[in-house]
Amino acid sequence: QVQVVESGGGLVQAGGSLRLSCTASGSMFSIYTMGWYRQAPDKQRELVASVDKSGSTNYADSVKGRFTIARDNAKNTMYLQMNSLKPEDTAVYYCKVVAVRWAMRNDYWGQGTQVTVSS
């Protein structure tokens with residue numbers, strides 16, 4: 001099994017910054033893509049940003065220029081630096097890890113971390 005744990009959420013005023021972290025642990029697995037998703041109340045979960053094993057990144061238009069995703073392959077850890085936060089960024093942020101274990105590819109999700117941006 002692969003365990004995924006997020007940290008770093010919290011309450012911040014508009015214009016502030018937060019840094020989220022996500023670490024995957026377990027045995028006998030290889031990570032392909034890591035990504036951050038978010039889900040606001042009464043809305044569908046959406047992709048915020050993702051990074052593949054080579055370091056190539058992808059961002060939602062709504063966060064381009066404000067958020068930066070990074071990955072440390074040696075630590076199986078991913079980060080999301082969020083700057084210039086807006087109230088509309090308020091959501092539960094989830095980490096998704098696409099990994100292969102015993103020749104089977106699966107998606108592994110964390111439990112989520114709340115980000116609240118006050119106006």
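**Reading the strands and core of a predicted model**

Modeller: β4 and β5 pair in the antiparallel sense, over five bridges. This is a predicted model, in which local features need pLDDT of at least 70, side-chain atom pairs count only at pLDDT 80 or more, and totals for chains, interfaces and linings use all residues. Residues are numbered from 1 along each chain as its sequence is written, and side-chain values use heavy atoms, with hydrogens and water left out.

Colleague: What is a strand here, and when do two strands pair?

Modeller: Strands of a sheet pair through backbone hydrogen bonds, either parallel or antiparallel. Strands are DSSP runs (E, at least two residues), numbered from the N terminus, and two of them pair if DSSP finds at least two bridges between them. In this model, Tyr37 has Leu47 of β5 as its bridge partner. β4 and β5 form a hairpin with six residues between them, and Asp42 in the turn has a positive phi of about 65°.

Colleague: How many bridges join β4 to β9?

Modeller: Ten, and the two strands run antiparallel. Phe29 has Arg101 of β9 as its bridge partner.

Colleague: In what order do the four strands of the open sheet lie?

Modeller: The order is β1-β3-β8-β7, with antiparallel pairing. β1 and β7 stand at the edges with a single partner strand each, so one side of each is left without a neighbour in the sheet. Neighbouring strands of this sheet are turned by 15° against each other on average, direction ignored (axes are lines fitted to C-alpha atoms, and angles run from 0 to 180 degrees between N-to-C directions). β3 and β8 are joined by six bridges, and Ser21 has Tyr79 of β8 as its bridge partner.

Colleague: Which residues touch the most other members of the largest nonpolar core?

Modeller: A nonpolar core is a set of buried Ala, Val, Leu, Ile, Met, Phe, Trp, Tyr and Cys residues joined through side-chain atoms within 4.5 Å. Buried means under 20% relative accessible area (1.4 Å probe, protein chains only). The largest core has 32 residues, and Trp36, Leu80, Met82, Tyr93 and Val97 touch the most other members. β9 gives the most to this core, with five residues.

Colleague: Where does a charge sit over a ring?

Modeller: The rule asks for NZ of Lys or CZ of Arg within 6 Å of the ring centre and within 35 degrees of the ring normal. Arg19 lies over the face of Tyr79, at 4.1 Å from the ring centre. The charged end of Arg105 sits over the ring of Tyr32, 5.5 Å from its centre.

Technical notes: Buried < 20%, exposed > 50% of the residue type's maximum accessible area, 1.4 Å probe, protein only.
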